[in-house]
Amino acid sequence: MENVSVIHQLKPIFCLAACGNVIFFTFFCCLWRYIIKHQQAEQKISEQAAILNVINDAVLVSNLRYEIAFWNKGAERLYGWKAEDILGKDIGQLYQKNSTQLEIALSKVIHQGEWEGELHQLRKNGEELIVFSRWVLLRDQQGQPKSIVMVNTLTPKQPLPAELLRSQRLESIGTLASGIAHDLNNILSPILMAVQLLQMKTHDLQMQKVLNTLENNVKRGANLLKQVLSFARGIEGKKTIVSVKQLVLEIEQIVQQTFPKSITCQTNIPENLWYVSGDITQLHQVLMNLVINARDAMPHGGILKITADNVVLSRQGGHYISLSIEDTGLGIPAKIQKQIFEPFFSTKEVGKGTGLGLSTALSIIDNHGGFINVQSEEGKGTKFQVYLPALVSHTQLGNCVEIPSVMGNKELILVVDDEAIIREITKSSLEAYNYQVLTARDGKEALSIYTKYQEQISVVLLDMMMPSMDGAIAIRKLQKINPQIKIIAMSGLLSEPDESAIANMGVKAFLSKPCTAQELVQTINKVNTHSYGQVLSVNL
């Protein structure tokens, strides 16, 4: 009985001990799980930090007191501060003292939750840099703002001041060229048409020779304007069938007439040289850039060789024309030969070159599907070898056939131009090709004349740049009178308008000034006899 009594007395103690063991075991399990989770969290944080340290972008975290709480390896590389030196420091160290960018960005991210934009910041050594920055606001469990994550990427290299000045100068050239091109081509247009009228009326061989020379020089003047605009504004021309032989002969003539007499020009061009498909003005520019570089490389004179040949390149798998420009000048040092095609790279003195000649030539050659090689040795001269895809089949050369001259059939043409001399010479030229002509000095007079004679007028030839009422407005008003009206637009700006925009205005064709009388007559004939789904474009 005594044993039973003792057991009953010890039973609460045993129960209490058992409960204690259960509580201890439960606490131990919870503690173990907490330790495991804490270790996992620390491992996850460590892994995330390792990932953030691998990326190139600068990743940093700031609390709302502007103190830096995290700073990855990318930030160390970008700014120059080690993490241990910058953590806890004011983020304002990355900005100039009077900068308001930090306050503006912080205000926006607090109110909007995120922000991105460019920031002007400082490295540890005081060097300025520009970064593209993305900010995200982090909140605590209660939804209150807690910290800001910032990811900063260094923007591409900014143009150097000298490069900026050159770019601005080129932009000014483009603006100036656009401003004067219209007037210059209005001067060239009547000269070109007058020359062709005289050619039709005279049979004197000596006079024909003089007129041909005059015609070629007018066309060259128009092409020079195109080159200026193409160089300064990147205007793209349409590709046609180009006789490389004729192109080289023109370059040779320019070299002989304008280069110093101490430079001897030698050319070697086979009679059966193939043709290429390209923009003749751009190809002319390529050759001019190369021969001018050759001239500058021979300040004391030398020999300039221009050769061309038909070649078949097995590696490229096609027919090419090889054009070689070789000089006996100073040569290009080996250490800079890989840089000569870089934009703005130049070995010439300031003011004697833009550094864009060879980069422009390379771009044009690439656009024509060709390539260029350079061989040079310092003190022994330089050789540029240009390869252009050739046209050799009869199908490819089909477009080379000269279009026969056409004559009008007494159709009535309305010529609208603000330049009196252009109106009169165009009228005379068209009448010589058996057309009848009415003229108007601006859009308002054109509307009045067309309203009166719309049943008889076959085509309206209209300048796009006129005072009082320009071409675009005149076109819309003429279309209200007759939606089926046939209009040929003309412009002396050389920068051919967007064809889809022209087509949407209802214009049937576009001509660049100056154009020849034959081009004008052929365009009128096509507009009168065909229906086109797209705008005809005719360029000199």
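Here are a few notes on the aromatic contacts and a nonpolar surface patch in this predicted model.

1. Let's start with the rings. A pair of aromatic rings is described by the distance of the centres and the angle of the planes. The structure has four aromatic pairs. In one of them, W71 and Y79, the ring centres are 5.5 Å apart and the planes meet at 45°, so this pair counts as tilted. Both W71 and Y79 are buried.

2. F371 and Y387 make another pair, with centres 4.8 Å apart and planes at 15°, so here the label is stacked. F371 belongs to strand 11 (residues 371-377) and Y387 to strand 12 (residues 381-391), so the contact ties together parts 16 residues apart in sequence.

3. Y387 has a relative accessible area of 14%, which makes it buried, because the cut-off for buried is under 20%. F371 comes out at 22% relative accessibility and so counts as partly exposed.

4. R295 places its charged end over the ring of F259, 5.4 Å from the ring centre.

5. Now for the surface. L184, I187, I191 and L214 make up a nonpolar patch with about 310 Å² of accessible area together. Helix 5 (residues 161-201) is the main contributor, giving three residues. I191 sits in helix 5, and its relative accessibility of 34% makes it partly exposed.

Methods. Residues numbered from 1 in each chain as written. Predicted model: local features only at pLDDT ≥ 70, side-chain atom pairs only at ≥ 80, totals over all residues. Heavy atoms only, no water. Patch = residues over 30% accessible without salt bridge, like charges linked within 9 Å, V, L, I, M, F, W, Y side chains within 5 Å. Areas by Shrake-Rupley, 256 points an atom, 1.4 Å probe, with all protein chains shown as cover. Salt bridge = Lys/Arg side-chain N within 4 Å of Asp/Glu carboxyl O. Helix = DSSP H or I, 4+ residues; strand = E, 2+ residues; numbered from the N terminus. Buried < 20%, exposed > 50% of the residue type's maximum accessible area, 1.4 Å probe, protein only. Phe/Tyr/Trp six-rings, centres within 6.5 Å; stacked < 30°, edge-to-face > 60°. Lys NZ or Arg CZ within 6 Å of the ring centre and 35° of its normal.
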